[in-house]
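Here are my notes on the model you sent over. Have it open while you go through the points, as they hop around the chain a bit.

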Amino acid sequence: MVRATPEYLAARTSMMSLRAQALEQSMMASQTYYAPPQQPQQPVATNQINAKDIKPEAFTKPYLEFMTENPTVFHAVGYFKEKLDKAGYKELHSRDSWSGQIKPGGKYYTTRNGSSIIAWAVGKAYKPGNGLAMVAGHIDALTARLKPISTKPTHDGYIQLGIAQYAGALNSTWWDRDLSIGGRVIVKDPETGKTSTKNVKLDWPIARIPTLAPHFGIGMTGHNNQETEMTPIIGLDNSDLNSSSTASSEKPIGPKGSFVSSQPPKLVKLIASELKIKDYSSILNWELELYDSQPAQVGGIDKEFIFAGRIDDKLCSWAAFMALLHARDDEDSGVIKLVALFDDEEIGSLLRQGARGNFLPIVIERTVEALVANTNTLYQNAFIGGTGLGPGLMGQTYANSFLVSSDVTHAAHPNFTQTNLTDHSPRLNVGVALCVDASAHMTTDSVSMAILDRIAELSGCVNQRHMIRNDSRSGGTVGPMLSSAMGVKAADVGIPQLSMHSIRATTGSLDPGLGVKFYKGFLDEWEKVDKEWRA
């Protein structure tokens, strides 16, 4: 998210030392996400646990592992798909018919472009016209992507890589970082002729953007040229020192005009080796990017911080996703619980896998259409052509729905207190913040704020407040574009962090779990709270 200033709500009076928690957890044979029951001994299925019983500290380690192992959007979507498959969710492909595939009590997911994903669980008591409890966020992050032709001339023995910034990357925080490469590769099977995509990542740093020593009098935190002065080095080639040759020792790989012939030969060989590809020309293309290779880790005196790259926004998105996996599976639930994670938020959400595309509305409409087709004939015949789907039903569905737009927000900053707005700058390890903007850059209003405060009350959560100062500029989220497109009630919620848009940022070590706790509470309790507004 691109927001300029945070706000603050002091809420939680005391916190258990994470060091003590870690000590307690290390004594346990296996990790549990929930507080132990008061009375033994019947094990309770995880989908029946209340949000109040969630232990935020139990989610710290899984979050760190997710952040370290899934540096790109493609890896993140692959991670979510694997978790969903294990949890019994069924993948639905957009090219296939969904008729007869979706039923009350079912759990499903679909993807777009391999970089956005929507997962949803249909209540067992669902009836056409009932609403959805939705959480939407984004999983893209500031990065530097390889150019279509990434080979660059060798300078003074350095092999360099042609890259382009994505959103606001290649800022001063990218200097002297241990950078690796990951993304997806388009591969054609030479035997079958079929084309597929494969995710790849290199688990060690192979690139660095070096600073210039201060002795030369050129500042490294000013307006440096991102095209000429922030080109990473990835290796050495001193073959030009050989008097018998002025050319590089590495010749282009593949036939002239092929994709691989326009890429650094050593990089092509390295990627092919990682993917066990023998025929280099079978690599048709790739979408690779640089990423900070330092693992996500806890820090601070009591391990109360998380230091990691790509926190914006693989924090709220991961928490929302985990909340869906841990959502209650009540027999009388009549709503659809849904989490949508988009690509391209950092660059305006304008592509088809972004929130401004039709991905979420079309998934909802196809789901409702399939569900209506599974109901009785009388209900089907009430709508246009007997299909069961019409503007009346979709209008009713959206009117009965609620969207939580979820994106990280700015925590109160200890060194730049002039940016903090009194009582509106959230703290770390307290709870999510309800984000308000007087100029409607956020969707939160008095009604949605009251609804989510009631959710927090039922879930044992603390809701903070976030609003920028009048002398600061606001950013945006996926909330306004989705809410206006579907006409659903909405609120913007964020987990606080420091150093937004830095290559490496900070959040609280309890904050991933606090996010899970709140989002689970929303998915589980929204149907009940919505009925309170109808009484």
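1. A word on burial before anything else: I call a residue buried when its relative accessible area is under 20%, exposed when it is over 50%, and partly exposed in between, using a 1.4 Å probe and protein chains only. On that scale lysine 337 is buried, at 6% relative accessibility.

2. Some ground rules. This is a predicted model, in which local features need pLDDT of at least 70, side-chain atom pairs count only at pLDDT 80 or more, and totals for chains, interfaces and linings use all residues. Residues are numbered from 1 along each chain as its sequence is written, and side-chain values use heavy atoms, with hydrogens and water left out.

3. What does lysine 337 pair with in a salt bridge? Its partner is aspartate 524, with the closest N and O atoms 3.1 Å apart. (A salt bridge here is a side-chain nitrogen of Lys or Arg within 4 Å of a carboxyl oxygen of Asp or Glu.) Lysine 337 sits in strand E13 (residues 336-342) and aspartate 524 in helix H12 (residues 511-532), so the pair ties together parts that are 187 residues apart in sequence. Aspartate 524 is buried too, at 7% relative accessibility. As for the labels, helices (H or I, at least four residues) and strands (E, at least two) are DSSP runs, numbered from the N terminus.

4. Now look at arginine 328, in the loop between helix H6 (316-325) and E13. At 13% relative accessibility it counts as buried. The side chain of arginine 328 forms a salt bridge with that of aspartate 330, at 3.1 Å from N to O, and both of these residues are buried. Leaving aside residues up to four places away in sequence, arginine 328 touches Asn47, Gln48, Ile49, Asn50, Lys337, Lys520, Asp524 and Glu525; contact means heavy atoms within 4.5 Å.

5. The rest of the salt bridges. A search of the whole structure turns up 19 of them. One joins the side chains of aspartate 530 and arginine 534, at 3.4 Å from N to O. Is each end of that pair buried or exposed? Aspartate 530 counts as buried, at 14% relative accessibility, while arginine 534 is exposed at 55%. Elsewhere, salt bridges that share partners link Lys124, Asp329 and Glu331 into one network.

6. On to the strands. Strand E10 (residues 283-292) has seven of its 10 residues buried, so it is largely enclosed by the rest of the structure. Strand E7 (residues 179-188) runs antiparallel to E10, and nine bridges join the two; in that pairing, valine 187 stands opposite isoleucine 283. Strand E5 (residues 143-151) is also antiparallel to E10, joined by two bridges, and here arginine 145 faces glutamate 289. Two strands are said to pair if DSSP finds at least two bridges between them.

7. Aspartate 312 and aspartate 313 are joined by a cis peptide bond, with omega about -5°, and aspartate 313 belongs to helix H5 (residues 311-314). Aspartate 156 has a positive phi, near 50°, though it is not a glycine; you'll find it in the loop between E5 and strand E6 (158-166), and at 73% relative accessibility it is exposed. Lysine 276, another non-glycine, has a positive phi of about 60°. Lysine 276 is in the loop between helix H4 (265-274) and E10 and is exposed, at 74% relative accessibility.

8. Helix H7 (residues 359-373) is a handy one for a length check. Its 15 residues reach 21 Å from the first C-alpha to the last, close to the 21 Å expected at 1.5 Å a residue; the expected span is 1.5 Å times one less than the number of residues. The buried residues of H7 include Phe359, Leu360, Val363, Ile364, Val368 and Leu371.
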